[in-house]
Amino acid sequence: MKAIVNVGLKKGVLDDQGKAINHALGTLGFKDLISDVRVGKQIIIELNSNDKEKAKEEVEKMCEKLLANTVIEDYSVEIVG
Amino acid sequence: MKVAVLQFPGTNCEFDAHYAFKKLGCDVEVVWHKNSKLPANTDLVIVPGGFSYGDYLRSGAIARFAAIMEDVKRFAKNGGKVLGICNGFQILLEAGLLPGAMKRNDTLHFISKHHHLKVIDNQNEFLRLLNVGDVVNIPVAHHDGNYFIDEEGLKELERNNQILLKYCTKDGELTNMNGSISNIAGICNKERNVFGLMPHPERAIEEILGSTDGINMLKGFLK
């Protein structure tokens, strides 16, 4: 079982990297297809547990403590496998 | 005066800070992050610049959990003076000792150059030897110096005069060089004993370095 954690800047916090990528994609001919680009990071954690609910709770604690800076970032946790 | 300069894996400005405070006549000690206690009689803690833990995850995110940080928090809570420079500022933000957070520079470039700063508040030990409105020339060297705080937080900083330094031109006109909200380069906590700034005053202490404007900033802490 593993946890897939996605962390990215909150809505309303300007994502300068996303903006640069949006611009680059635009110059590559994708301009009409795109209205916004946001950049995040994905953290994959291999878990030693079989309890999905409990695991999700624990991984959310990890997000609050270390994986995300909740001043500027949001996170989501998905348990798979 | 006893100055403790913290050292994490990846810190690279600890000896610049050591040199600068030694030059000012202080007793300076570099303190390894695994130590659980600051040296006895520490008057000032410097969290220096560099790339602690390779800036992995986020700048300062991992360093804040180092053993020494518990004692730094206790020290700060008891009114001890703490100055975070560059990566040190990022660590203090991550540790919650200062409000806000750092984002990647909006230019997406690593910015390394001398830059002018305007003194916004001097009612604190860090900038007491300078006047409000003074313009100082101090080097900056960072990739993640785009200071962010939400609207309410910004109002609070303004209300409590916690904004200490802003980026400006040599004529003192405010300018935005990295995306920082309200051009902020340096702040302090509400209690005015924890300070953080992105520029490096410890690198502006001799003519040969291009500026001596950092001296009167660091000197402010001296008893």
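Buried area is the accessible area that two parts lose on being put together, summed over both.

**Entry 1: the interface.** I worked from a predicted model. I looked up the area buried between chain B and chain A and found about 1,300 Å², with 64% given by carbon and sulfur atoms. The contact takes 16 residues from chain A and 16 residues from chain B.

**Entry 2: pairs across the interface.** I searched for salt bridges between the two chains and recorded 1. It joins R58(B) to E73(A), whose closest N and O atoms are 3.7 Å apart. I also recorded 7 residue pairs in polar contact between chain B and chain A. I then asked which strand gives the most to the side of chain B that touches chain A. I found that β5(B) does, with 3 residues. That side divides into 8 nonpolar, 6 charged and 2 polar residues.

**Entry 3: the sheet of chain B.** I traced an open sheet of 9 strands with mixed pairing, in the order β2-β1-β3-β4-β11-β10-β9-β6-β7. β2 and β7 of chain B stand at the edges with a single partner strand each, so one side of each is left without a neighbour in the sheet. Within the sheet, I followed β4 and β11 of chain B, which run parallel and are joined by 4 bridges. In this region G84(B) stands opposite G196(B).

**Entry 4: the helices.** I saw that helix α1 of chain B lies across β1, β2 and β3, running at about 170 degrees to β1(B). Helix α2 of chain B lies across β1, β2, β3, β4 and β11, at about 125 degrees to β4(B).

Conventions. Residues numbered from 1 in each chain as written. Chains lettered and ligands numbered in written order. Predicted model: local features only at pLDDT ≥ 70, side-chain atom pairs only at ≥ 80, totals over all residues. Heavy atoms only, no water. Contact = heavy atoms within 4.5 Å. Buried area = accessible area lost by both parts, 1.4 Å probe. Salt bridge = Lys/Arg side-chain N within 4 Å of Asp/Glu carboxyl O. Polar contact = N/O pair within 3.5 Å; in protein donor to acceptor, adjacent residues only side chain to side chain. Helix = DSSP H or I, 4+ residues; strand = E, 2+ residues; numbered from the N terminus. Nonpolar A, V, L, I, M, F, W, Y, C, P; charged D, E, K, R; others polar. Pairing = 2+ DSSP bridges. Axes fitted to C-alpha atoms, helices over the stretch in contact; angles between N-to-C directions.
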